[in-house]
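Have the sequence and the 3D view open as you read.

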Amino acid sequence: MLKVQIIRGVSVPFQFVLSAEKFCNGNFLDNGKFVGDIKILGEIANDSLKIVASGKIFCKKEFICDRCLNNASENQIIDFSEVFNPTDVLDDSVDITELIRDTLIASQPIQNLCKADCKGLCPICGKNLNDGVCNCNRFCVDPRLAPLLNFKSIEEV
């Protein structure tokens, strides 16, 4: 558990370094996993009306690229912030475990790419287009629009 001590009227810094394997309890991502250490830096402020925990999460994620199917990894820096009600706090400490876990999951992209301009695989031969072009003819006409190919332009007439 990640518990942070609260001191009324004071902003308290905190830092945790956790093993990704132990913190994530295996693999809770659909495509990929966190590896190495997860470092959490933040502060918690208490002004008697509200308690605010904020900071950054530093982690590394390994995954398979959704376009080219190569193994890839990326270092992530994720911001978090949460307001707690002082009446929900017991023993002058706040447990931020769920906040960190939820933030890690919610901040993951819908599509995992090895790089922003990943070209993916050729749908004909399966070659990774990041490694170079292939000689496949990928031109495909929608059958509903195929009759338009028979029209001649004004210059051809």
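Let's start with the sheet: it is open, built from four strands in the order E2-E3-E4-E5, and the pairing is antiparallel. Strand E2 (11-19) and strand E5 (71-84) sit at the edges with a single partner strand each, so one side of each has no neighbour in the sheet. From one strand to the next, the twist averages 15°. Keep in mind that this is a predicted model.

In general, strands of a sheet pair through backbone hydrogen bonds, either parallel or antiparallel. Here, E3 and E4 run antiparallel to each other and share 11 bridges. If you want a spot to look at, find Ala 45, which stands opposite Val 52 in E4.

What packs on the sheet? That's helix H2, which touches E3, E4 and E5, and its direction makes about 135° with that of E5.

The elements with their residue ranges:

| Element | Residues |
|---|---|
| Strand E3 | residues 33-46 |
| Strand E4 | residues 51-64 |
| Helix H2 | residues 97-106 |

Now for the asparagine. Asn 130 lies in the segment after H2.

Leaving out residues up to four places away in sequence, Asn 130 touches several others, including Cys 68, Cys 114 and Cys 118.

Methods. Residues numbered from 1 in each chain as written. Predicted model: local features only at pLDDT ≥ 70, side-chain atom pairs only at ≥ 80, totals over all residues. Heavy atoms only, no water. Pairing = 2+ DSSP bridges. Helix = DSSP H or I, 4+ residues; strand = E, 2+ residues; numbered from the N terminus. Axes fitted to C-alpha atoms, helices over the stretch in contact; angles between N-to-C directions. Contact = heavy atoms within 4.5 Å.
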